[in-house]
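Here is a short tour of one structure, meant to be read with the model open beside it. Please load the view and follow the residues as they come up.

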Amino acid sequence: MSHTAQQNTTRKGPHFAYFVVFALIMTMFCPVSFGHSCAGIFYPYAATDLGVGTGVLSYFTPLACLSGLIFLPFAGRLLNNCDARACLGGSCFVAALAFFLVSFSTQLWQYLACGVLMGFGTCTLIYLAPATLITRWFDKNAGFYIGLVAAFTGIGGMVWAAVGGALIQTIGWQWTYRIFALITLACVPIMALCIASRPSDKGLAPHGANVASQNNRAEGEATQQPLDPAAIVAQLAPGEHPKARIGITAKEAFKMPQFYLIMGFCFCLNFGMYLNGMVPSYVHTLAVGAAVPMLGAWATSLSMAAQTCTKLGLGYIGEKHPFTGSIACIAMGIVGAMLILIGGATNAAFVIAAGALSYGIYYGVTNVMTPSLARKTFGGLEYPIVYARISMAANVAGVCSGFLWGAIIDLAGFEVAFTGAACVIACAIACTLGIAYFQKRDTKRFLNSDL
């Protein structure tokens, strides 16, 4: 048994992987929730002080997505080649700086410029860090922990929206941003203490790894024993590519159809998710909205609760049924869109609430299944580089969706927008089926030693 394996089996106490999960949860619960889930609570108050419309200030989030889109390829290479503590600690520091500077904004361009700065800080925290580090630190149930971490964006949104709203009423939006900046800055030492780039940095094997099989595999590679494709395929997890455990280089991944299908999967899911936030506005235009003034807020709460539960449940189910679980949850988005429209046409509050709940189930898929499918396909060899490119699709969708859906709603109405969203969601299902097809095709080729 190797020295690393001996250390892994003799250490007592919790595995360091759990500290990594804790640190990632803190990034989602604090800076990501502050910057994205809670951005909207500041707009009405900041708009009044800056003398602009609330709609113009809402460009804060799309601009953050745009700067993240630009920075993601560089962030992927940094996370792949540099110390993860420095990458995540630096990201928290940049986000804290953005929150601090925005509190001093006296003009619109200053406020929006801070959104750009925040995007540089949060893009690594949202898209790359959970998928990359959990893939490295957990040999089993990685999907569950990715889902657990992702769920704290919704939990953080619920908690900090209430806390932030109360603070704004008491001390103003500027000081609320400064408090958020201090809390974010406090995450920097947590990154330094609870993050390590790889298990080997701590003299450990990944949590849940079979040390004996790892040693046998290493001995087999050392003696250059011939590979048995059938034996390798028999050990594959559901949906796993036969070369994933060895790892696929970024250059090779960029030539595979799975790469573009996963990118399309990510784009369609993120593009359709924007309309989830438009449900309260739609309800406000209906007679039932006037009769039940809290319906929009209830719909949002139901959607957020469903999103959180989906992230937790799909993180576990997606490991065993990656394609079936994804399709089932994505299809709930189509069901939700149709129920919202039916409820609006019939002024049925219960149907609208059920539609929002269904739409929330779909909403929880992206942050869990996109990294899971990428990990099962490409492995961990150059995962941050590959996943950074895939995540660019999410940022493109984030930048475009607000403008395009807003234009559709203004020109053709909410009914056309929700119908269009159902079509976009159907495209995500088509991408999932395509990924499943090519994974199965490559497995057959591998058995025939043609891959």
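Which side chain does Arg245 meet in a salt bridge? The partner of Arg245 is Glu240, at 3.0 Å from N to O. A salt bridge here is a side-chain nitrogen of Lys or Arg within 4 Å of a carboxyl oxygen of Asp or Glu.

Before going further, a word on the source: this is a predicted model, in which local features need pLDDT of at least 70 and side-chain atom pairs count only at pLDDT 80 or more, while totals for chains, interfaces and linings use all residues. Residues are numbered from 1 along each chain as its sequence is written, and side-chain values use heavy atoms, with hydrogens and water left out.

**Salt bridges**

The structure holds five salt bridges, and the table shows some of them.

| Arg85 | Asp83 | 2.7 Å |

Arg375 and Glu319 bring together distant parts of the chain: Arg375 belongs to helix α19 (residues 366-378) and Glu319 to helix α16 (residues 295-320), 56 residues apart. Helices are DSSP runs of H or I with at least four residues, numbered from the N terminus.

Arg375 is buried at 15%, and Glu319 is buried at 14%. Asp83 is partly exposed at 29%, and Arg85 is partly exposed at 39%.

**Helix α6**

Buried residues of α6 include Ala84, Cys87, Gly89, Cys92 and Phe99. The buried residues of this helix pack against α2 (16-37), α5 (60-81), α7 (108-137) and α9 (173-194), where contact means heavy atoms within 4.5 Å.

**Aromatic rings**

There are 31 aromatic pairs in the structure. Rings of Phe, Tyr and Trp (its six-membered ring) pair if their centres lie within 6.5 Å; planes under 30 degrees apart count as stacked, over 60 as edge-to-face and the rest as tilted. The centres of the Phe29 and Phe152 rings are 6.3 Å apart with the planes at 80°, so this pair is edge-to-face. Phe29 lies in helix α2 and Phe152 in helix α8 (residues 142-171), so the pair ties together parts 123 residues apart in sequence. Phe29 is buried, at 18% relative accessibility.

Tyr282 and Phe418 make a tilted pair, with 5.7 Å between centres and 55° between planes. Tyr282 is in helix α14 (residues 279-284) and Phe418 in helix α21 (residues 414-447), 136 residues apart. Tyr282 is buried at 2%, and Phe418 is buried at 0%.

Phe29 and Phe152 also belong to one aromatic cluster, whose members include Phe99, Trp160 and Trp173.

Finally, look for charges over rings, meaning NZ of Lys or CZ of Arg within 6 Å of the ring centre and within 35 degrees of the ring normal. Arg178 lies over the face of Trp175, 4.7 Å from the ring centre, and Lys202 lies over the face of Phe16, at 4.7 Å from the ring centre.

How values were computed. Buried means under 20% relative accessible area, exposed over 50%, partly exposed in between (1.4 Å probe, protein chains only). Helices (H or I, at least four residues) and strands (E, at least two) are DSSP runs, numbered from the N terminus.
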